[in-house]
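Hi there,

Here is the structure I promised to pass on to you. Have a look at it first, and then read on for what turned up.

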Amino acid sequence: MEHYSPTFKALGMTFDIPVMLMSVLASALVLILVTISTRNMTAGVPRGMQNFFEWVIDFVRGIAGQFMDMKTGSKFVTLGITLFLYIFISNQLGVLANFNVTYTEPNPAFGITQEVINQHGHQVTHDGHTVKEVTVAWFKSPTASPSVTFGLALMVLLYAHYLGIKKSPGKYLKHWFEPNPAMFILHAMEEFIIKPLTLPLRLFGNIFAGEVLIAFLLAGSAVAVSIPLAIWLGYSLFVGSIQAYIFTTLTLVYISQKVVDDH
């Protein structure tokens with residue numbers, strides 16, 4: 001079943017309303033989680049949510065420590081924690097609560113106009129009458145949208161280049177031609193094609209594919225799909241966690257390549 005996503009245009013750009021709402025929700029959940037975890041902190045033996053948050057800090061510090069000395073890596077632990085929590089929570093939103101709303105009547109406040117129903121609706125029969133209805137997936141993972149994953153990747157990659165230029169403009173320019181000038185082509189392909197494509201597409205592809213299969217299973221008979229759905233939901237939780245780890249790790253790798261002299 002095709003799902004329609006309401007949009008609106010502003011400043012020459014198209015904005016996906018469900019993706020925007022879920023991005024705000026994911027950010028709010030990260031803020032709430034961090035606030036709850038860090039209130040009433042104690043220097044003694046950590047308990048409850050403080051224990052969990054200290055584990056997250058140590059986890060990200062451990063990732064950074066693999067590629068940078070801790071004096072340098074500590075500067076980017078906050079960025080790593082933010083990315084990890086945001087992507088982890090975003091990946092799980094569409095797994096834990098995947099529901100749709102159908103519209104048979106226009107609702108302009110939510111971007112559902114009669115034109116949208118005519119163009120994107122599919123025919124169904126209600127009480128002997130054939131009407132067109134549009135299905136909107138309001139609750140889904142924002143990371144199942146390429147606009148979100150490409151936006152995150154663009155932010156990370158631009159920040160890494162900024163750090164490289166800030167650290168040493170001369171060394172930043174020199175590395176493009178090392179170990180010999182012919183390597184410039186390969187460096188350019190890596191920085192402007194491979195990294196900008198692989199970093200966001202890996203995250204988007206895994207989360208999007210997972211939610212497509214969840215939607216497919218939910219459309220089937222409860223008796224027939226209950227066991228496959230339970231297995232797939234558990235696997236999707238695992239994949240969402242792994243993808244948050246991979247994105248955070250690659251972010252710290254790309255940054256280390258610009259700020260560590262050994263690279």
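A word on handedness to begin with: a crossing is called left-handed if the near helix is turned anticlockwise from the far one by less than a right angle, and right-handed if the turn is clockwise. Please keep in mind that this is a predicted model.

With that in hand, the helix pair: H8 passes H9 in a left-handed crossing. The contact between H8 and H9 is made up of 17 nonpolar, seven polar and four charged residues. H8 covers residues 184-218 and H9 residues 222-259, and they pack at an angle of about 165° with their axes 9 Å apart. Angles over 145 degrees count as roughly antiparallel, and H8 and H9 are therefore roughly antiparallel to each other.

Now to the strands. S1 (residues 7-10) and S2 (residues 13-16) run antiparallel and are joined by four bridges. Thr7 sits opposite Asp16 in S2. Two residues lie between S1 and S2 in this hairpin, and Leu11 in the turn has a positive phi of about 55°.

There is also an open sheet of three strands, ordered S3-S5-S4, with antiparallel pairing. S3 (101-103) and S4 (122-126) are at the edges and each has a single partner strand, so one side of each is left without a neighbour in the sheet. From one strand to the next, the twist averages 50°. Three bridges link S3 to S5 (residues 129-136) in the antiparallel sense, and Thr102 stands opposite Thr135 in S5.

Enjoy looking through it!

Best wishes

Technical notes: Residues are numbered from 1 along each chain as its sequence is written. This is a predicted model: local features need pLDDT of at least 70, side-chain atom pairs count only at pLDDT 80 or more; totals for chains, interfaces and linings use all residues. Side-chain values use heavy atoms; hydrogens and water are left out. Axes are lines fitted to C-alpha atoms, for helices over the stretch in contact, and angles run from 0 to 180 degrees between N-to-C directions. Angles under 35 degrees count as roughly parallel, over 145 as roughly antiparallel, 65 to 115 as roughly perpendicular and the rest as oblique. Ala, Val, Leu, Ile, Met, Phe, Trp, Tyr, Cys and Pro count as nonpolar, Asp, Glu, Lys and Arg as charged, and the others, Gly among them, as polar. Two strands pair if DSSP finds at least two bridges between them.
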